[in-house]
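Please read each point with the sequence and the coordinates to hand.

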Amino acid sequence: MTATIRAIYRYPVKGLSAECLPAAALEPRATLMGDRRYAIENGPSGFDAAAPAYLPKQRFLMLMKNERLARLDTSFIDTTGTLVIRESGREAARGDLHTQPGRAAIEEFFARFCGDELRGPPKVLAAPGHSFSDVARKVVSIINLASVAAVEGMVGGRVDPLRFRGNIYVAGWPAWHEFDLLGGEIAIGPHARAKVVKRIVRCAATNVDPATGIRDLAIPHTLMRNLGHADCGVYAEVIAGGDVAAGDAIVASSDVIAAAEGR
């Protein structure tokens with residue numbers, strides 16, 4: 001069963017807004033390039049840039065606890081390493097994250113913006129090749145838009161797919177078909193391949209409207225009540241690299257084999 005990539009997103013800074021990409025390069029055993037490259041430390045986290053390792057998301061500013069982050073419109077300029085933060089349509093902060101003064105400008109903004117939610121001075125964290133993902137394994141996240149539509153039926157209203165903060169959004173699968181792919185391989189675009197390795201357990205971040213920052217839904221609870229689990233989306237580990245773009249096909253390897261055998 002073939003699906004189509006509808007959109008590709010990355011999150012340059014953990015907890016901040018999405019960046020829509022027309023295309024992206026997938027590399028073996030790597031996250032989407034630049035995804036969760038930075039995080040804002042919320043109190044001493046124990047992160048060591050010289051030996052970066054996975055840490056629980058609770059040690060950083062994040063939507064699950066800090067829903068006001070969704071009120072910010074942020075953009076990251078790769079060529080200059082500059083993060084631009086806008087609030088209510090106006091620029092609130094700007095800083096080159098490659099430099100100490102640039103990081104300080106961003107840290108000063110969050111010290112004001114999240115002051116009552118901080119456990120210590122906020123600090124911009126990064127390390128070469130490290131991603132502040134919610135899981136230790138380097139993966140890309142895939143969201144089935146039909147599953148999001150099924151959640152809309154459960155809550156009785158529109159659910160912005162960006163609540164799920166995925167990398168690749170696909171159309172063409174039935175709702176929850178992504179779970180059937182667990183343990184199998186998929187072809188993404190003309191060259192990339194990935195193994196579907198894990199269902200994504202949703203947290204309270206999905207309850208926050210990404211446009212307003214208002215905590216207005218109870219998605220994990222709704223999923224649990226209706227389906228007996230709180231999962232939506234899957235993680236996939238890239239095993240063969242390649243460029244992918246919106247409009248490209250995603251095909252399960254079992255479907256390729258069946259087509260070749262004339263089944």
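1. Basis of the note. This is a predicted model, in which local features need pLDDT of at least 70 and side-chain atom pairs count only at pLDDT 80 or more, whereas totals for chains, interfaces and linings use all residues. Residues are numbered from 1 along each chain as its sequence is written, and side-chain values use heavy atoms, with hydrogens and water left out.

2. The buried side of helix H2. Helices (H or I, at least four residues) and strands (E, at least two) are DSSP runs numbered from the N terminus. H2 spans residues 145–155, and Ser-147, Val-148 and Val-151 in it are buried (under 20% relative accessible area, with exposed over 50% and partly exposed in between; 1.4 Å probe, protein chains only). These residues lie on the same side of H2 because they cover an arc of only 100° around the axis, taken from the directions from the helix axis to the C-beta atoms. In general, an α-helix has 3.6 residues a turn, so residues three or four places apart point the same way. The cover over the buried residues of H2 includes strand S9 (140–144), helix H3 (177–180), helix H4 (219–227) and strand S13 (231–240).

3. The ends of H2. After H2 comes Gly-156, which has a positive phi, near 75°.

4. Glu-237. This residue belongs to strand S13. Glu-237 counts as buried because its relative accessibility is 13%. Its side chain makes a polar contact of 3.3 Å with the side chain of Arg-137 (a pair of N or O atoms within 3.5 Å; within protein, one must be able to donate a hydrogen and the other to accept it, and residues adjacent in sequence count only if both atoms are side-chain atoms). Apart from neighbours within four places in sequence, the residues in contact with Glu-237 (heavy atoms within 4.5 Å) include Arg-29, Lys-138, Arg-193 and Lys-195.

5. Strand S5 and Gly-156 as places to look. Which strand gives the most to the lining of the largest cavity? Strand S5 (residues 72–77) does, with three residues. Gly-156, for its part, is the residue that follows H2.
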